[in-house]
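Have the structure open as you read.

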Amino acid sequence: MPRIFSGVQPSGTLHVGNYLGALRQWVATQGDGDALYCIVDLHALTLEIAPDDLRTRTIETAVGLLGAGLDPDLCTVFVQSHVPEHTELTWLLECTATYGELRRMTQFKEKGAGQESVRAGLLTYPVLMAADILVYDAERVPVGDDQRQHLELARTLATRFNGRYGETFVVPEAEIPTVGARVMDLQQPTRKMSKSTATPLGTISMTDPPEEIARKVRKAVTDVDGAVAYDPESKPGVSNLLEMLAAATGGTPEALAGRYSSYGQLKQDLAEALVELLRPVHRRVAELESDPGTVAAILDKGAAKAHELATPVLSRARSAIGLTPRSR
Ligand code: TYM
């Protein structure tokens with residue numbers, strides 16, 4: 001049974017980028033092996049977030065994951081901070097990573113830029129992420145394109161630790177979809193659609209009602225030449241719409257481009273495709289929102305299962321690095 005792991009930050013409302021780039025793959029592969037999907041609340045602390053917002057968004061994110069179709073009978077859904085093995089392993093890996101490699105991470109440079117003071121946790125963020133993965137012996141990690149570099153670091157740390165202290169960790173592989181791995185903001189199509197730097201019209205939330213989805217797609221930035229072609233460099237807006245349509249309906253953005261002679265028809269078809277894709281998600285989210293007890297119970301059971309899987313891996317790593325055994 002392959003072990004599969006992935007995570008999502010509760011830093012804002014889940015959007016179509018999260019859904020097409022990650023959640024959909026999670027749902028599709030949840031029965032393939034021992035799959036764990038984690039709401040990474042500790043990662044959300046690396047940028048400013050009000051305590052009440054963190055609490056609310058953690059639950060909303062859990063509802064979003066279950067609403068997207070994760071089935072707690074097939075996989076494990078849990079909250080990162082409920083399983084302290086993640087943070088304990090992080091320290092061992094922080095003593096494996098170097099300051100230089102963390103400082104060079106693209107996301108650290110982007111998120112830290114322009115901030116008056118940068119939290120140390122933003123620098124060590126990818127090490128916690130590596131611990132999330134390695135503590136479960138995960139072989140497969142389904143993520144969007146923006147996590148590629150973080151996955152590379154997780155592989156580097158696992159390999160370095162194994163080389164230094166003997167075979168301890170499984171070296172994980174990223175699984176990145178061929179279409180939909182990098183959904184761009186509808187208003188600023190050279191920037192990725194994001195929870196934290198959302199432009200209100202540029203981000204389609206997974207729970208936006210149909211008319212809101214249609215409005216945002218209609219207002220999406222394109223360009224003036226009017227030609228439907230897939231060319232992310234020179235036509236980022238139109239290419240993003242084609243990419244989303246391809247991800248939602250199948251096929252390739254290049255082939256879809258040939259079917260359209262106007263932006264209007266492309267936008268109409270994309271809006272319809274997204275509404276259809278998200279219809280079952282909306283229904284399940286509404287059911288779960290009225291049943292907070294069930295969501296809490298799922299997370300509780302998930303944390304217990306995750307803890308059980310993480311404990312032996314952490315002991316293996318503690319022992320390999322030379323920490324003395326502990327009885328509790
Ligand atoms: P996060 O919360 O930013 O995003 C969750 C997942 O959604 C994908 N994604 C996108 N895919 C396509 N287009 C977009 N515009 C888009 N925006 C986000 C992300 O690639 C991700 O797969 N560091 C991670 C969370 C994390 C994690 C982990 C992931 C923590 N520990 C261990 C995998 C394994 C993050 O911030 O994802």
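Seven nonpolar, five polar and four charged residues make up the lining of the second largest pocket; here Ala, Val, Leu, Ile, Met, Phe, Trp, Tyr, Cys and Pro count as nonpolar, Asp, Glu, Lys and Arg as charged, and the others, Gly among them, as polar. This pocket has a volume of about 290 Å³. Of its 16 lining residues, Arg182, Met184, Tyr230, Pro232 and Glu243 are the closest to the centre.

A word on the source: this is a predicted model, in which local features need pLDDT of at least 70 and side-chain atom pairs count only at pLDDT 80 or more, while totals for chains, interfaces and linings use all residues. Residues are numbered from 1 along each chain as its sequence is written, and side-chain values use heavy atoms, with hydrogens and water left out.

**Empty space inside**

Rolling a probe the size of a water molecule over the atoms shows where empty space is left. On a 1 Å grid over the protein atoms alone, a cavity is a set of points where a 1.4 Å probe fits but cannot get out, whereas a pocket is an open set with protein on both sides within 12 Å along at least five of seven lines; lining residues have an atom within 4 Å of a point. Grid points are joined across faces, edges and corners, and a volume is the space filled by probe spheres set on the points.

How many cavities of 30 Å³ or more does the count give? By this rule there is one. The largest cavity has a volume of about 50 Å³, and its lining is formed by Met105, Gln107, Phe108, Lys111, Leu122, Tyr125, Pro126 and His150. Helix 6 (106-112) and helix 7 (120-134) are the elements that give two or more residues to this lining. Helices (H or I, at least four residues) and strands (E, at least two) are DSSP runs, numbered from the N terminus. By class, the cavity lining has five nonpolar, two polar and one charged residues.

Lys109 also has its place in helix 6. Leaving out residues up to four places away in sequence, Lys109 touches Arg103 and Arg104, where contact means heavy atoms within 4.5 Å.

**Buried and partly exposed residues**

Buried means under 20% relative accessible area, exposed over 50%, and partly exposed in between (1.4 Å probe, protein chains only).

| Residue | Relative accessible area |
|---|---|
| Lys235 | 6% |
| Ala271 | 10% |
| Arg318 | 13% |
| Asp137 | 15% |
| Arg316 | 34% |

Why does Lys235 count as buried? Lys235 counts as buried because its relative accessibility is 6%, under the 20% limit. This lysine is found in the loop between helix 9 (210-218) and helix 10 (236-249). Its side chain makes a polar contact with the side chain of Asp225 at 2.6 Å and another with the side chain of Tyr263 at 3.0 Å. A polar contact is a pair of N or O atoms within 3.5 Å; within protein, one must be able to donate a hydrogen and the other to accept it, and residues adjacent in sequence count only if both atoms are side-chain atoms.

Ala271 is found in helix 12 (residues 263-289). Beyond four places in sequence, Ala271 touches Ile213, Ala214 and Val217. Ala271 and Arg218 are 53 residues apart in sequence, and their C-alpha atoms are 8.0 Å apart in space.

Helix 13 (residues 292-321) holds Arg318, and Arg316 is found in helix 13 too. Which side chain does the side chain of Arg318 join in a polar contact of 2.9 Å? The partner is Glu88. Arg316 touches Asp137 and Thr168, not counting residues up to four places away in sequence. The C-alpha atoms of Arg316 and Thr168 are separated by 6.6 Å, although the two residues are 148 residues apart along the chain.

Asp137 lies in the loop between helix 7 and strand 4 (140-142). Most residues other than glycine have a negative phi, and most peptide bonds are trans. Asp137, not a glycine, has a positive phi of about 55°.

**Helix 3**

Finally, helix 3 (residues 51-68) has 18 residues, which should span 26 Å at 1.5 Å a residue; its end C-alpha atoms are 25 Å apart, in agreement. The expected span is 1.5 Å times one less than the number of residues. Among its buried residues are Leu54, Thr58 and Thr61. Gly69 follows helix 3 and has a positive phi, near 125°.
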